Amino acid sequence: MRELTLLIATFNQGKIREIQRILAHTGDRLRVTLLSLADLNIAAEASETGNSFLENAAEKSVYYSKFAPNTYTIAEDSGLSVTALNGEPGIYSARYSDPGATDDKNIEKLLHKLENQADRRATFVTAVSLSLDGRLIKSFIGEVEGEIIDQRRGESGFGYDPIFYYPPLQKTFAQLTTDQKNAISHRYRALEKLRQFLPQLPVI
Ligand code: IMP
C-alpha cells in the first residue's frame with residue numbers, strides 16, 4: 001500500500017470537506033492522508049495576481065507548498081464564465097460587485113448585465129494545481145456548462161448556484177442536494193482528474 005500526504009491549501013472548510021470526499025476514493029493501492037492549512041498552523045494569505053483560474057490556482061499551490069516542505073500541495077481557483085459577457089465575472093467572481101461584494105449583490109449585478117440578452121450560456125470552471133517545494137507539478141481544469149436564468153431558484157449551495165440552470169437535470173445548482181452537485185460540478189471534475197493522476201506521483 002502506497003501512502004501519500006496532501007496539503008489542501010484553502011481556509012474554506014466547505015471546500016476541504018468536498019475535496020476530502022472526492023479524494024477518499026483512491027483505491028486500495030494508494031492511501032491519501034489530507035492535511036489542511038489549519039492542521040499545519042499556516043495562516044499566511046497567498047495573493048491572487050494571475051489572469052486566469054489556472055494562473056491563480058498555480059500561484060496559490062506554489063506559494064503554500066513552500067510552507068510545507070516535502071508535502072504535495074493542492075490549491076484551487078474557481079468561478080463563473082458567462083459567454084455573452086466575454087467570460088465575466090471570471091476570476092473576479094467572488095468580488096464581482098465590489099466594494100462589499102456578497103453572493104446576492106454579485107447575482108444582482110450579473111442579472112442586470114444580462115437584461116435583454118438572449119444568449120444565456122455560462123460555464124462554471126475550477127482549476128486545481130499540484131505543487132511540491134515551490135515547484136508546480138501539474139494543473140487540472142474542470143468545467144460544467146449551464147444557462148443563467150433571470151429568477152433565483154433553490155436554497156442550497158452558494159455563490160451563483162441559484163441562477164445557474166443545469167439543463168440535463170432541469171434544475172439550478174441551488175436545487176440540487178450536495179451529493180447531486182458534487183457528482184457533476186466543475187470542482188468535482190477537476191478533482192477527479194487530479195485523483196486519477198495521484199498514483200503516478202513519486203512517493204516522498
Ligand atoms: P473561490 O475560488 O473560492 O475564490 O470562488 C470564487 C467564486 O466563484 C465564489 O465566491 C463564487 O461566487 C463562484 N463560484 C465558484 N464555484 C461555485 C459554485 O460551485 N457555485 C456557485 N458559485 C461558485
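**Note on salt bridges and a helix contact**

1. Glutamate 3 and arginine 31 form a salt bridge, their closest N and O atoms lying 2.8 Å apart; the term denotes a side-chain nitrogen of Lys or Arg within 4 Å of a carboxyl oxygen of Asp or Glu. Glutamate 3 belongs to strand E1 (residues 2-8) and arginine 31 to strand E2 (residues 30-36), so the pair ties together parts 28 residues apart in sequence. Strands (E, at least two residues) and helices (H or I, at least four) are DSSP runs, numbered from the N terminus.

2. The model is predicted: local features need pLDDT of at least 70, side-chain atom pairs count only at pLDDT 80 or more, and totals for chains, interfaces and linings use all residues. Residues are numbered from 1 along each chain as its sequence is written, and side-chain values use heavy atoms, without hydrogens and water.

3. By the rule above, the count is 12 salt bridges. Among them, aspartate 77 pairs with lysine 60 (3.3 Å, N to O). Aspartate 77 lies in strand E3 (residues 72-82) and lysine 60 in helix H2 (residues 53-65), so parts 17 residues apart in sequence are tied together. Both aspartate 77 and lysine 60 are buried (under 20% relative accessible area, 1.4 Å probe, protein chains only).

4. The axes of helix H1 (residues 13-23) and helix H5 (residues 186-197) come within 10 Å and cross at roughly 45 degrees. Axes are lines fitted to C-alpha atoms, for helices over the stretch in contact, and angles run from 0 to 180 degrees between N-to-C directions.

Terms used:
Buried means under 20% relative accessible area, exposed over 50%, partly exposed in between (1.4 Å probe, protein chains only).
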